[in-house]
Structure formats: C-alpha cells, structure tokens
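Dear colleague,

I am writing to hand over the structure shown below.

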Amino acid sequence: MNLLTPYEMTIAVAKRFRALRRSKKITLKTLSTRSGVPYSTLRRFESTGEVSFAALVKLASAIGEDDCINSLFAEKIPESIEEVIRGNHK
C-alpha cells in the first residue's frame with residue numbers, strides 16, 4: 001500500500017535518480033549528451049520530478065538502469081500455488 005500522492009512519488013523518483021546519477025559520478029552535462037535529453041529538461045526533472053516518459057526512458061538507459069524501466073507494469077510472478085488458483089498474480 002502506498003501512502004504517497006502522485007506529486008510526492010514524482011519528487012521521490014527524481015531524488016533517487018539524482019542520487020543514483022551522482023553515485024555513478026555522472027554530471028548533468030555528460031548525462032545530457034549521453035541521453036540526448038536537453039540539459040534544461042534534466043535539471044527540471046531532478047528539481048521538480050517533471051519529465052516526459054520518453055525522456056525518462058532515455059535517462060535511465062544512459063545511466064545503465066534499463067531494467068528499472070523494463071520492470072514497470074511487468075506481469076507479477078505468482079509466489080504460491082494458492083495465488084495461481086485464486087488468480088491473484090496479475
């Protein structure tokens with residue numbers, strides 16, 4: 001259960017992205033060049049959480065986090081036979 005609002009989630013994602021970028025020692029300028037996402041868009045994303053999905057995909061790919069995007073809305077694997085029987089794995 002998630003108690004965050006959509007706005008709070010966007011801010012949280014932006015903060016985690018920024019921390020990850022910094023931990024990989026990638027500058028905004030370098031990331032902008034690698035991803036093809038304008039520097040101003042990247043700065044806005046990290047400060048407000050606002051970014052298009054296409055730009056987010058490019059940014060994630062440019063820092064080697066493709067799996068994060070690929071796992072969005074992925075079908076969940078049932079954890080037990082009971083979940084399969086009940087159909088609770090979707």
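Helices here are DSSP runs of H or I with at least four residues, numbered from the N terminus. Please note that the model is predicted.

Helix α1 covers residues 6-23, and its 18 residues reach 26 Å from the first C-alpha to the last, close to the 26 Å expected at 1.5 Å a residue. Its buried residues are Ile11, Ala14, Phe17 and Arg21. Viewed down the axis of α1, these fall within an arc of 125°, so they line one face of the helix. The cover over them includes α2 (28-35), α3 (39-48) and α4 (53-62), whereas Lys15, Arg16 and Ser23 are exposed on the other side of α1. After α1 comes lysine 25, with a positive phi near 55°.

The whole structure contains 3 salt bridges. In one of them, arginine 18 pairs with glutamate 46, with the closest N and O atoms 3.7 Å apart. Glutamate 46 also meets arginine 21 in a salt bridge of 2.7 Å, N to O. Since arginine 21 lies in α1 and glutamate 46 in α3, this pair ties together parts 25 residues apart in sequence. Arginine 21 and glutamate 46 are both buried, while arginine 18 is partly exposed, at a relative accessible area of 35%.

Lysine 24 forms a salt bridge with glutamate 65 at 2.9 Å between the closest N and O atoms. This pair joins the loop between α1 and α2 to the loop between α4 and α5 (66-70), 41 residues apart.

Yours sincerely

Methods. Residues are numbered from 1 along each chain as its sequence is written. This is a predicted model: local features need pLDDT of at least 70, side-chain atom pairs count only at pLDDT 80 or more; totals for chains, interfaces and linings use all residues. Side-chain values use heavy atoms; hydrogens and water are left out. Helices (H or I, at least four residues) and strands (E, at least two) are DSSP runs, numbered from the N terminus. The expected span of a helix is 1.5 Å times one less than its number of residues. Buried means under 20% relative accessible area, exposed over 50%, partly exposed in between (1.4 Å probe, protein chains only). The arc is that of the directions from the helix axis to the C-beta atoms. Contact means heavy atoms within 4.5 Å. A salt bridge is a side-chain nitrogen of Lys or Arg within 4 Å of a carboxyl oxygen of Asp or Glu.
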